[in-house]
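Hi everyone, thanks for coming.

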Amino acid sequence: MSSLVLEQRRTAWDVILGLVLVVAGFVVLGNTVVATAFSVGVLGWFTLFSGLVLLVSGLLRIGKDGFWSAALGGGLLVVLGIVMLRNPAVTALTITLVAGSMFLATGLTRVVVSFQHPQSRLVLLVSGLISAALGLMVLFNIVAATFTLLGVLLGVQALVEGITLIALGRLRPVRDDATTTTSTRRGATRTAAAS
């Protein structure tokens, strides 16, 4: 019986996709304000659509378990999606505040944990200080960060994904050759012996 194993391989399609992501990352980094506005719009439409789906699925379950939670959750997501689409600047500001707070909290947590783990103290301390500094930069420059942070994060993510695809490829499930070869050999010897 053959089993699936994850194998890391790089194909030509991985390199092409990686190059497209790197170019897209540079384009996004060149137009961070447009990328931020686009991200907020996509997030708003996605929230509205998922709210509608949840609301309809909740209404189809009237009188059954989970009706109220699905209907209320769907209604809340619909309202949130509409608010996000009508007020993209407020949405970008809110997301920027949350991101800055998360950077700061993550950085401070890593700094505290670095003193409890001496074997990885340096890495945790440096990454924690960088994250905390990034969080403070975002929170203290909230006006400038509101219109650029999401675009910068999207551009950097696209660059990192593209470079990773070019350098390493992707994990793909493949059949384990040792198991397949053994069963094929056994079948071949049985066939030969029976003849």
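At what angle do the axes of helix α2 and helix α6 cross? Before I answer, some ground rules: this is a predicted model, with local features needing pLDDT of at least 70, side-chain atom pairs counting only at pLDDT 80 or more, and totals for chains, interfaces and linings using all residues. Residues are numbered from 1 along each chain as its sequence is written, and side-chain values use heavy atoms, leaving out hydrogens and water.

So, α2 (residues 32–59) and α6 (residues 142–168) cross at roughly 85°, and their axes come within 7 Å. Axes here are lines fitted to C-alpha atoms, for helices over the stretch in contact, with angles from 0 to 180 degrees between N-to-C directions. Helices are DSSP runs of H or I, at least four residues, numbered from the N terminus. On the α2 side, the contact (heavy atoms within 4.5 Å) includes Thr32, Val33 and Val40; α6 brings, among others, Phe147, Leu150 and Val152.

Now helix α4, residues 88–114: α2 packs against α4 at about 95°, with the axes 10 Å apart. That makes this pair roughly perpendicular too. Thr36, Val40 and Leu43 of α2 meet Pro88, Thr91, Ala92 and Ile95 of α4.

Keep an eye on Thr36 and Val40 of α2, please: they take part in the contact with α6 and in the contact with α4. Thanks, everyone!

Notes. Helix = DSSP H or I, 4+ residues; strand = E, 2+ residues; numbered from the N terminus. Parallel < 35°, antiparallel > 145°, perpendicular 65-115°, else oblique.
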